[in-house]
Amino acid sequence: MAPPLLSFTLSLPPFLRPTRTSNPTPIRSSSMDPHSHSPPKRVVVCGGGVIGVCTAYFLAKKGAVVTLVEKSSVACAASGKAGGFLALDWCDGGPLESLARASFNLHRTLAAELDGPESYGYRPLNTLSLTVTESQTSKAHSGKSDLPGWVDGPGRTPRTIGTTATTAQVHPRLFCRTLISKAVEVYGVKVVIGKVEEVGVVEGRVESVVLEGGRVIKSDAVVLALGPWCGKFEMLSSLFRVYGLKAHSIVLRAKEPEAITPHALFLSYYSAQGGKPLDPEVYPRPTGEVYICGMSSEAEVPDNPEEIVGNPESIETLKRVASNVSSHLREGEAEVKAEQACFLPCTDDGPPVIGELPGIKGCYVATGHNCWGILNGPATGAAMAELVLDGQASIVDLSRFSPARFVGPRKKGLGH
């Protein structure tokens, strides 16, 4: 039986709307040295997605004076349109293992501190893989099936690939906005709506951030967390490539949302037209909505995130997936709440880029998290806060993610 449905509001607090606000008084945390006579470090975080928001939150919590600059609105792009799936151990054996494990656990801690279940739909859930063949007749599965009751299409060979101990979810837009609200209200973060034009550097050290229109924000450090738009920022694109992977999604609400249990589904989906199987994903949310994503390909990233729209054929494919997974998600049985697309930031060699830019003191970058941005946002933000303020990250070793890996002979082999 499905748990009670939750209701969340997406209304934007006044301080996150595109207006200029006065600078609130920063609150120094207990982590600041009370005997230090030096003023708190001024840090500008560029980018209002999950990486920028988490970085701003942990920087301010450690006592920095933080300004977050966002071109449009917080979580307006991939961080608002992602699935919000979290996994403890799915990155084990690869370069993301320690980052993912630290971040999964940090998500749990944040959920306890910020009332995540009520504020942004945090919940552990079970995760299944299964095969769906579109040409098969859709009929209810037998009571002996290992599939949840609402997954009554032609699904077969279900396998448990995550439990409530190892997989969880958040509503990503609500997560980002809950975190930035806390950062503004408690830790004095200032949110500025504007486009970053350049980073002011004097004698090899960051001095300011210049916005479109000429506004200058003085700073001791800057963190560039621009997602796929890092590829359009010359200071970064001259060193490494970040490209956008366009991913599509739809959000449905069933007429009987209470029938939808908390089971995430990873599909091998065979179309009636043949060809290679697709790999869509299905995430029920505690609001009663069901998020379905897939159909990804590299594409040119537009300058304005508000102009991103999905390809009609990809959206229609996801609707067919939904109807073949569950009778509750078929046309006429479910309302379409959203048809959308977003760009995941990817690097040529795979891992994200997290660290200080070679040759520029105080200029940091955090991007290229691909499909694991929501999962790895908290640990990335916490590690960046330690790196900027303490000179070294302790929550996770960032050395393998350093942008210095693109300097020298290796750079030639990375598509530049």
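Colleague: In which strand does Gln340 lie, and what makes it count as buried or exposed?

Modeller: Please bear in mind that this is a predicted model. Gln340 belongs to strand 17, residues 334–347. Its relative accessible area is 13%, and buried means under 20%, so Gln340 is called buried.

Colleague: Which residues is Gln340 in contact with, leaving aside its neighbours within four places in sequence?

Modeller: Contact here means heavy atoms within 4.5 Å. With those neighbours set aside, Gln340 is in contact with Lys81, Ala247, His248, Ser249, Val251, Tyr291 and Ile315.

Colleague: Why are helix 3 and helix 8 described by the term they are given?

Modeller: Helix 3 and helix 8 pack at an angle of about 90°, and their axes are 7 Å apart. Angles of 65 to 115 degrees count as roughly perpendicular, and the pair is therefore given that description. Helix 3 contributes Leu99, Ala100, Ala102, Ser103, Phe104, Leu106, His107 and Leu110 to the contact, while helix 8 contributes Ile374, Leu375, Asn376, Gly377, Pro378, Ala379, Thr380 and Ala382. Divided by class, this contact has 11 nonpolar and 5 polar residues, with no charged ones.

Colleague: What makes helix 1 oblique to helix 8?

Modeller: Helix 1 (residues 50–61) packs against helix 8 (residues 373–390) at about 40°, with the axes 7 Å apart. Roughly parallel would require an angle under 35 degrees, and roughly perpendicular one of 65 to 115; helix 1 is therefore oblique to helix 8. The crossing of helix 1 past helix 8 is right-handed. Residues meeting there include Cys54 and Phe58 of helix 1 and Gly377 and Met384 of helix 8. The contact of helix 1 with helix 8 comprises 12 nonpolar and 5 polar residues, and no charged ones.

Colleague: What makes strand 3 and strand 4 edge strands?

Modeller: The open sheet has 3 strands in the order 3-7-4, paired antiparallel. Strand 3 (85–87) and strand 4 (123–124) each pair on one side only, and they are the edge strands. Helix 3, residues 97–113, lies across strand 3 and strand 7, at about 120° to strand 3.

Terms used. Residues are numbered from 1 along each chain as its sequence is written. This is a predicted model: local features need pLDDT of at least 70, side-chain atom pairs count only at pLDDT 80 or more; totals for chains, interfaces and linings use all residues. Side-chain values use heavy atoms; hydrogens and water are left out. Two strands pair if DSSP finds at least two bridges between them. Helices (H or I, at least four residues) and strands (E, at least two) are DSSP runs, numbered from the N terminus. Axes are lines fitted to C-alpha atoms, for helices over the stretch in contact, and angles run from 0 to 180 degrees between N-to-C directions. Angles under 35 degrees count as roughly parallel, over 145 as roughly antiparallel, 65 to 115 as roughly perpendicular and the rest as oblique. A crossing is left-handed if the near helix is turned anticlockwise from the far one by less than a right angle, and right-handed if clockwise. Ala, Val, Leu, Ile, Met, Phe, Trp, Tyr, Cys and Pro count as nonpolar, Asp, Glu, Lys and Arg as charged, and the others, Gly among them, as polar. Buried means under 20% relative accessible area, exposed over 50%, partly exposed in between (1.4 Å probe, protein chains only).
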